[in-house]
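Let's take a friendly walk through a protein chain, from its overall build down to one pair of packed helices. Have your viewer ready.

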Amino acid sequence: MKQKHLVVIGGGAAGFFVAVNAAGMNPALQVTLLEKSSKLLSKVRVSGGGRCNVTHHCFEIAEMIKNYPRGAQFVKKAFHHFFTADTVKWFEERGVALKAEKDGRMFPVTNSSETIIECLLKEANRYGVDIRMNAEVKKINRADERQTADAGQKQFGIYFSDTGFLEADFVCLACGGYPKVSQYNWLQSTALHIEPPVPSLFTFNMPGNAITHLMGVSAERAIAKIAGTKLMAEGPLLITHWGMSGPCILRLSAWGAKELAASQYHFTLLVNWVPEFSEQELRKAWPHWRQQYGANKIYQHHPFALPARLWHYLLQQSNITETQRWSELLTKQQNTLIQLLTAAPFEVKGKTTFKEEFVTCGGIDVTEIDVNTMQSKKHPGLFFAGEIINVDGITGGFNFQHAWTSGWIAAKAIAQKADTPRK
């Protein structure tokens with residue numbers, strides 16, 4: 001029996017996980033990994049500020065899936081095959097220990113993404129994975145679509161932009177998400193349903209807004225809402241020279257990816273800087289503080305856990321002077337300050353994406369894929385892993401966990417099919 005050949009398209013986390021696991025599970029399988037650029041594992045390298053946020057410290061599937069704006073039910077089923085504990089164990093067995101931080105993100109104990117990269121490259125070398133760089137795929141055809149078809153040829157023909165050609169029994173698409181639907185054109189022959197992509201993790205631009213003068217200031221906890229919608233997120237919020245960022249904003253951008261794209265990224269953001277209070281609750285508590293701090297200058301004494309620069313900004317926006325005492329607040333000033341504390345409005349005009357950590361929603365529709373094998377329902381032998389599937393998570397290690405899970409499932413299915421004679 002001729003040696004079976006797997007070609008994995010994409011040299012990122014998901015692609016490597018498919019390649020090294022399939023090769024490890026079935027040593028008789030020939031595995032080739034194609035990367036269109038000159039860089040391998042580029043997102044792994046920059047993830048988590050260069051530390052690689054490998055996964056999230058969550059071991060309950062029902063809780064984990066709450067972090068996937070799209071594809072939650074798909075990953076719910078997939079996680080029964082390979083989940084967080086399996087990821088931790090997989091890396092530990094290869095000498096890479098992971099640690100959890102207070103916010104749940106998990107990193108290698110070395111605090112370096114190079115540890116993860118070295119581990120994956122070592123596995124690829126161990127199992128003889130053939131890695132080819134600058135190998136951009138132009139087209140994939142099945143054997144029955146090719147004029148040269150014969151009884152002994154491989155199932156797939158893979159054509160490169162430089163006129164190169166490869167044959168494969170199995171193909172796994174693990175080439176990440178594309179920012180434009182036109183970039184999926186090389187898959188036209190597969191007739192797969194592709195959900196048009198839009199950015200999923202991005203920061204909010206507020207050109208000309210006075211808040212940008214506070215760049216570098218962060219609130220430990222805030223609630224951000226998109227006015228006129230049900231979209232809301234909570235968490236740390238960072239003020240930047242272009243607008244707002246931080247986990248709170250990135251989560252909101254993920255959940256609102258499609259709606260915000262439809263608005264062309266022009267919308268009103270409402271920020272509650274004191275999320276323990278609603279406007280009504282804050283109004284109810286206000287008389288107590290006014291009495292408690294009555295003789296104190298409001299610039300210097302307040303009950304909120306806010307950075308001083310942010311507090312002073314809110315007072316300035318309420319037309320409160322530096323010499324005013326709590327007892328001297330005018331009703332109009334007090335009402336404005338309460339409103340700004342609980343629902344400060346900001347006009348957003350545009351976005352800024354993390355180009356190196358670019359994440360999209362969209363891609364191959366999950367209804368096209370058998371979640372138990374990651375195989376195409378239309379094309380036997382064609383598999384998918386990672387971000388090319390219409391699944392995306394918020395920031396915090398969730399997208400990597402999907403990459404490891406889908407990669408492992410595809411690898412196992414391919415390794416098993418490679419031992420099954422073709423009919």
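This is a predicted model: local features need pLDDT of at least 70, side-chain atom pairs count only at pLDDT 80 or more; totals for chains, interfaces and linings use all residues.

Residues are numbered from 1 along each chain as its sequence is written, and side-chain values use heavy atoms, with hydrogens and water left out.

The chain holds 12 helices and 22 strands; these are DSSP runs numbered from the N terminus, with helices (H or I) of at least four residues and strands (E) of at least two. Along the principal axes, its C-alpha atoms fill a box of roughly 90 × 40 × 35 Å. Of the 423 residues, 55% are buried, meaning under 20% relative accessible area with a 1.4 Å probe, protein chains only. Among contacts (heavy atoms within 4.5 Å) with a separation of 6 or more, 72% join residues 24 or more positions apart.

Now zoom in on helix H2 (residues 42-50) and helix H6 (residues 113-126), which pack at about 155 degrees with axes 8 Å apart. The axes are lines fitted to C-alpha atoms over the stretch in contact, and angles run from 0 to 180 degrees between N-to-C directions. H2 and H6 are therefore roughly antiparallel, a label for angles over 145 degrees. Val 44, Arg 45 and Gly 50 of H2 meet Ser 113, Glu 114, Ile 116 and Ile 117 of H6.

Technical notes
Angles under 35 degrees count as roughly parallel, over 145 as roughly antiparallel, 65 to 115 as roughly perpendicular and the rest as oblique. Buried means under 20% relative accessible area, exposed over 50%, partly exposed in between (1.4 Å probe, protein chains only).
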